[in-house]
Amino acid sequence: MRTAVVVGAGMAGLAAAGALSRSGWRVTVLERAERIAAPPTAVVLWPNGLRALHALHPDGGWPAIASPLPDGGVRRPDGQWLVAPRARPGAAPAPAAAHLEDVYDALVAGLGDAEIRTGFEATTVRTGPGQRPAVGDGRTMIETDLLVGADGIDSRVRAAVAPESVAVGSGFAAWQAVIPAFRLPRTDESRCVGGETLGAGYRFVAIPLGERAAGRGGVYWVATAAGAARPESPATQLALLRRWFAGWHEPVGVLLDATRPEDLVPQGVRELRPLPRSYGFPCGSGGIVLIGDAAHAMPHHLGQGACLAFEDAATLSALAAAAQPGADLRAAVEAYSRLRRPRTTTVVRQNRRMSAVVQARGRLALRARDAALNHMRPRMLAHPGADWNPPE
């Protein structure tokens with residue numbers, strides 16, 4: 001039987017493992033943590049992400065856990081509109097927001113017969129033209145036909161096959177939280193919170209989560225600020241956020257006041273520079289592929305990290321579904337890289353342009369940013385993923 005080993009049980013790894021398992025592969029998922037757990041945040045699924053999830057698992061119940069997300073526009077900290085809300089163009093499905101807990105539950109439920117091994121930290125990756133791919137933890141080596149590196153921005157798999165690509169700081173820090181609905185005041189402002197606000201080096205995005213599944217309403221927010229990750233405790237960081245965003249239009253203050261230190265998920269935002277030279281490395285009876293943040297970690301300005309990961313998994317599944325070990329599977333590994341690298345390179349380039357907009361500081365830079373937003377907004381609404389479709 002064809003075998004695949006997926007290193008990493010995040011969204012990318014679970015999505016790829018489930019799709020391969022349902023197409024007849026014997027799949028093993030290796031996770032270094034002691035259990036699979038979703039971060040206590042949420043995710044925005046743009047049209048490309050929704051299409052990819054449907055291709056991966058048509059019966060996954062995605063509409064039941066994701067709430068449609070209207071355009072909320074862009075404002076200044078004083079509440080003045082930089083770009084007013086408008087209808088999203090085209091016939092693409094509307095973007096949606098979902099609690100990560102619900103997304104993980106659906107992905108785990110779709111794993112089929114895949115085996116999960118937790119507490120396995122990959123430390124060794126074997127690759128070579130005359131050998132089957134293999135991964136080990138210092139005690140055990142597991143050989144396979146297809147090795148999928150889904151182990152995030154600090155990927156050990158990527159370090160073995162594309163050491164030129166390293167994680168570097170993006171110049172800002174981010175904080176996320178999900179506020180349950182019962183903790184929010186019953187005001188019009190707290191119910192209509194969708195949208196983003198841009199200040200001088202600061203950004204605040206609020207996303208309503210609707211009334212779906214585990215979330216039962218609530219709001220997901222993301223704040224960013226120029227600089228490195230903060231070393232203080234969550235309580236101190238939350239106090240800093242309240243100070244930095246003091247005086248911003250409502251509901252920014254309402255959301256920060258409703259946030260508790262245990263809700264806060266801080267992170268120093270990093271990205272890969274340069275991107276790996278390839279996402280597929282044929283060897284032995286098949287090869288090694290990189291997906292998700294292991295392949296193209298980037299700042300979340302366009303909200304495309306998870307969506308691109310699902311695209312990766314859908315593309316890999318389509319190419320490998322009928323491929324047999326040997327020349328056929330090696331060709332599928334090469335085809336995966338040919339399809340995915342140009343696509344992700346384009347999105348990363350767009351993301352870096354958006355980064356310059358988000359991090360603008362100084363009077364002249366802010367004026368240029370505000371003027372540019374009106375020209376950029378139609379393309380932002382169409383979004384990098386609006387016209388992506390899964391390979392057939």
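**Figure 1. A salt bridge joins R340 and D312.** In this view, R340 pairs with D312, and their closest N and O atoms sit 2.6 Å apart. Here a salt bridge is a side-chain nitrogen of Lys or Arg within 4 Å of a carboxyl oxygen of Asp or Glu. The pair links distant parts of the chain, with R340 in helix 11 and D312 in helix 10, 28 residues apart. Helices (H or I, at least four residues) and strands (E, at least two) are DSSP runs, numbered from the N terminus. R340 and D312 are both buried, where buried means under 20% relative accessible area, exposed over 50%, and partly exposed in between (1.4 Å probe, protein chains only). Please keep in mind that this is a predicted model, in which local features need pLDDT of at least 70, side-chain atom pairs count only at pLDDT 80 or more, and totals for chains, interfaces and linings use all residues. Residues are numbered from 1 along each chain as its sequence is written, and side-chain values use heavy atoms, leaving out hydrogens and water.

**Figure 2. D263 and R183 form a salt bridge between two loops.** The N to O distance for this pair is 2.5 Å. D263 lies in the loop between helix 8 (252-258) and strand 17 (265-273), and R183 in the loop between strand 13 (166-179) and helix 6 (188-191), so the pair ties together parts that are 80 residues apart in sequence. Both residues, D263 and R183, are buried.

Figure 3. Side chains of opposite charge can pair when their charged atoms come close. Is R139 buried or exposed? R139 counts as exposed because its relative accessible area is 69%, whereas D137, at 12%, is buried.

**Figure 4. Domain 1 meets domain 2.** Domain 1 covers 3-72 + 94-168 + 272-380, and domain 2 covers 177-268; these bounds come from an automatic or database domain assignment. Their C-alpha centres lie 27 Å apart. Across the boundary, 29 residues of domain 1 are in contact with 25 residues of domain 2, contact being heavy atoms within 4.5 Å. The two domains bury about 2,100 Å² between them, 62% of it on carbon and sulfur atoms. Buried area is the accessible area (1.4 Å probe) that two parts lose on being put together, summed over both. In domain 1, H99, H300 and V358 lose the most area to domain 2, together 23% of what that side buries. How many salt bridges are there between domain 1 and domain 2? The count is zero.

**Figure 5. Buried residues of helix 4 pack against several elements.** L100, D102, V103, Y104, A106 and L107 are the buried residues to look for in helix 4. Their packing partners include helix 1 (11-22), helix 2 (47-56) and helix 10 (305-320). Strand 3 and strand 7 are also among them.

**Figure 6. A235 sits in helix 7.** Helix 7 spans residues 234-244. A235 counts as partly exposed because its relative accessibility is 45%. The C-alpha atoms of A235 and R260 are separated by 7.8 Å, although these residues are 25 residues apart along the chain.
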